[in-house]
Amino acid sequence: MKKVIEKMEDFLEIGGIKKDVAFLVFGGCSLAVSIFDIIPLPFDAAWIAIILCGVPILMEAFIGLVTAFDIKADVLVSLALIASVCIGEYFAAGEVAFIMQLGALLEDRTVARARAGIEKLVHLTPQTARVITDGTEKIIPAAQVKIGDIIRVLPGETVAVDGVILSGQTSVNQAVMTGESLPVDKAAGDEVSSGTVNQFGAFEMKAVRVGEDSSLQRMIRLVQSADAGKAKIVGIADRWATWIVIIALTAAGLTWAFTGEIIRAVTILVVFCPCALVLATPTAIMAAIGNATKHGFLVREGDALERLAKVSKIMFDKTGTLTYGTPEVTDVRSISDYTKEDIYAFAAAAEQMSEHPLGKAIVRCYGKKPAGCTDFRMRPGEGVTAVVNGKNIKAGSLKLLKDIRISAQLAHGAGKYLNEGSTVIYVAVDDILAGYLVLSDTVREESRDMIAALGHIGVHPVLLTGDNKNAAGTIAAQVGISELHANCLPEDKLDYIGGYQERGNAVCMIGDGINDAPALRKADVGIAMGGVGSDIAVDAADIALVDDEIKELPHLLSLSRRMMAVIKINLTFSMGLNFLAIALAITGLLGPVIGALVHNAGSVLVIINSALLLNWKRGT
C-alpha cells in the first residue's frame, strides 16, 4: 500500500496536481501509515480506509441502485467491502476501498472543468446604444432597442444590434462573426452585425434585428446547443459493471455452494473487484495529458484524447490557424519612374498617422522610420492623402483615385492579386499613379509539413473559413489541402461539421476566433489556438495549443492513438489478472489478504505501464 501511495504521489504531481494537494491526499496517508506502524491503535487501522474511502462508495452504490437501478463498478466494490468486513478481513476491505477512491480521484482530475465561454460571449454584447430620436441622441440599454430605431455608432464602439448603415463611412472589424483577418470597409447601404467593432469614423444605422434575433445572440445559442449535443465517454469499468457483478456473484455463489467455504467466495469478490480496471483508463489519460503539456497542449477535457484517437477528419480555420492572422506587405509594384523602394517609402510616410489596420500594417512592415508628412487627411473607406517631401501622395483604394486614369495592364496585374484574396493599396504621386502595394495574410512556415504529416497518419484535412473563396483557395493550395469550404458563417461551419459526422466521420476542429466557438463545441474534439486565439475560443475548446506551434498536431493525434493502445493493454492485463486470481481463489490457493495484495500489484503495474506515456515520442 505504501508503494502505491508513493507511486501515485509522483504520478499526480507530473500529471498536473499541485504539490500541496498531492501531499494532503497522499502524504497524509503515508504519514498515517508510518505512524500506525509505530503507535499501536485500539482498533485495526484499516477501519480508517474503510470509513473514509468505503462509506462514500457504499452510499453512491446504494443511491444508484435505489433511484435508477444503475449498476456501476461501485456495486461490486460494495459487495466486496461488505463481505470482507463480515468475515473479519479488514485489511482487504480497506485496500480495496482505498484503490477505488484513488481511481475516482484520477477520473475527477480528467473530467471537464467549469468553463465560462458562453458568459464571455454574453459580455461581448454591448450594454447600451446611442439612439437618435427627433435629432436628439439618447443612450438607452441595448435590450430596449427596437426594429427601425436609428442608432449612432462612434469610433471604437461595438455595434449593439444588426442593422443597415444610413450615413457615414468606416471600417469594421468583423472577426467576431467571420474570422476575417482584415477589416471591412462599410458605407451607406451596407449591413453591420452586432458584436462587430467600428474601427474609425462615426456612422448612423437603422436597426434590423434586435434582442434574441441579433447575430451575436444567435451565436450564443449555437454554442449552447452544440455543447449539449456532445456525448460524454463513460468509463469502461462502469460500462461493463453489470456483467462483472453478475459473473462475480455467480462465481462466488457457486463456489460457496460446492465447497461450503465462504472465505473462498469472499476472496472471489475481492479479486474480481475492478481496481486495476478502474485505474487502467484514467492513469493512461493523465500520463498522456502530461506528455501533451510538454508539447504545448493544454488538455481541458479528460476524455478529449479518447475522442481524438477516433478522428478521421480535421477541420482548419484559415486565419490565425494556418496563417499568422495579421496582414503583411507581400509585394510592391512600380509602374512609373519611381523604384519599388520609393513607392514603399511614400506609402509608409503617408500612412504613419493612419488609424486603419492596413495603414498600420504598411508602416510596421516598412521597418524603418518613415519620412515626415504634412497636411495628412484620412478618408474613411477610401484611404489617406498627405504631403511627403513636397509631393502630394495618395494611398488607398480605387475610390480614392477615381479621377486618375487606370490602365488595363495595371488593372490586370492588380486583379491577379485581388483574385488570390489579397488587398491592393494604390499609390499616386502628384495625381499620377506610381505603383501599388499588396497586403495579404501569410501562411505559417510549418503549415505545409504539418498537413503532410497528418496525411501520413490517415487524417484528412479540410479548410473551413469565413474568408472568400479566392483567399481560401490560395492558402489551401499553399499548404496542400484539397478540400475547402469558404464564406462560412458560424452556422455554416456547424452544418458542415454535422454533415461529416452524419456520414460517420469523427471530426476535430481547429480555430482561433470567437466565430469558431460554436464549431469547436460541435466537433468531436475542439482545439483552440491559445496564443493568438480569443479567450472565448479557448473556453469552447477541449484542448488549447498554448504556443500556437501547429507542427505538434501530428504528435498529439499519434499520442491519442498510442494512449488508447496503452489503455487496451491495461484492460487486457487487468482482466487477465482478475480471471487468474479467481481461478486460484476457487481452488483455495488464494485467500482474501493475498488476493488484495495481488490487486495492489496489478494496480502498480497498470500505473507503471501508463507512466511510460509521459516521455513517448512519435515514431518510437
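Reader: Hi! Is K313 buried or exposed?

Author: K313 counts as buried, at 14% relative accessibility. Buried means under 20% relative accessible area, exposed over 50%, and partly exposed in between, with a 1.4 Å probe and protein chains only. This is a predicted model, where local features need pLDDT of at least 70, side-chain atom pairs count only at pLDDT 80 or more, and totals for chains, interfaces and linings use all residues. Residues are numbered from 1 along each chain as its sequence is written, and side-chain values use heavy atoms, with hydrogens and water left out.

Reader: Thanks! Where is K313 placed, and what is K313 in contact with?

Author: K313 is in strand β11, residues 313–316. Helices (H or I, at least four residues) and strands (E, at least two) are DSSP runs, numbered from the N terminus. Leaving aside neighbours within four places in sequence, the contacts of K313 include E483, Y500 and C508. Contact means heavy atoms within 4.5 Å.

Reader: How far apart are the end C-alpha atoms of α20?

Author: They are 19 Å apart, which agrees with the 18 Å that the 13 residues of α20 (490–502) should span. The expected span is 1.5 Å times one less than the number of residues. After α20 comes G504, with a positive phi near 90°.

Reader: Which residues other than glycine have a positive phi?

Author: D134 has one, near 55°, and D375 has one of about 55°. D134 is in the loop between β1 and β2 and counts as exposed at 77% relative accessibility, while D375 lies in strand β13, residues 373–379. Most residues other than glycine have a negative phi.

Reader: Switching to the sheet: what is the strand order?

Author: Six strands form an open, antiparallel sheet in the order β2-β1-β3-β9-β4-β7. β2 (136–141) and β7 (191–192) are at the edges with a single partner strand each, so one side of each has no neighbour in the sheet. Strands pair if DSSP finds at least two bridges between them. Six bridges join β1 (128–133) to β2, and T133 stands opposite T136 in β2.

Reader: And how many aromatic pairs are there?

Author: The whole structure has four. Rings of Phe, Tyr and Trp (its six-membered ring) pair if their centres lie within 6.5 Å; planes under 30 degrees apart count as stacked, over 60 as edge-to-face and the rest as tilted. Y417 and Y436 are edge-to-face, at 6.3 Å centre to centre and 65° between the planes. Y417 is in helix α17 (408–419) and Y436 in strand β17 (432–443), so the pair ties together parts 19 residues apart in sequence. Y417 is buried at 8%, as is Y436 at 4%.

Reader: Last one: which residues touch the most other members of the largest nonpolar core?

Author: Those are L305, L308, F316, I543 and M563, out of 53 residues. Helix α23 (553–586) gives the most to this core, nine residues. A nonpolar core is a set of buried Ala, Val, Leu, Ile, Met, Phe, Trp, Tyr and Cys residues joined through side-chain atoms within 4.5 Å.
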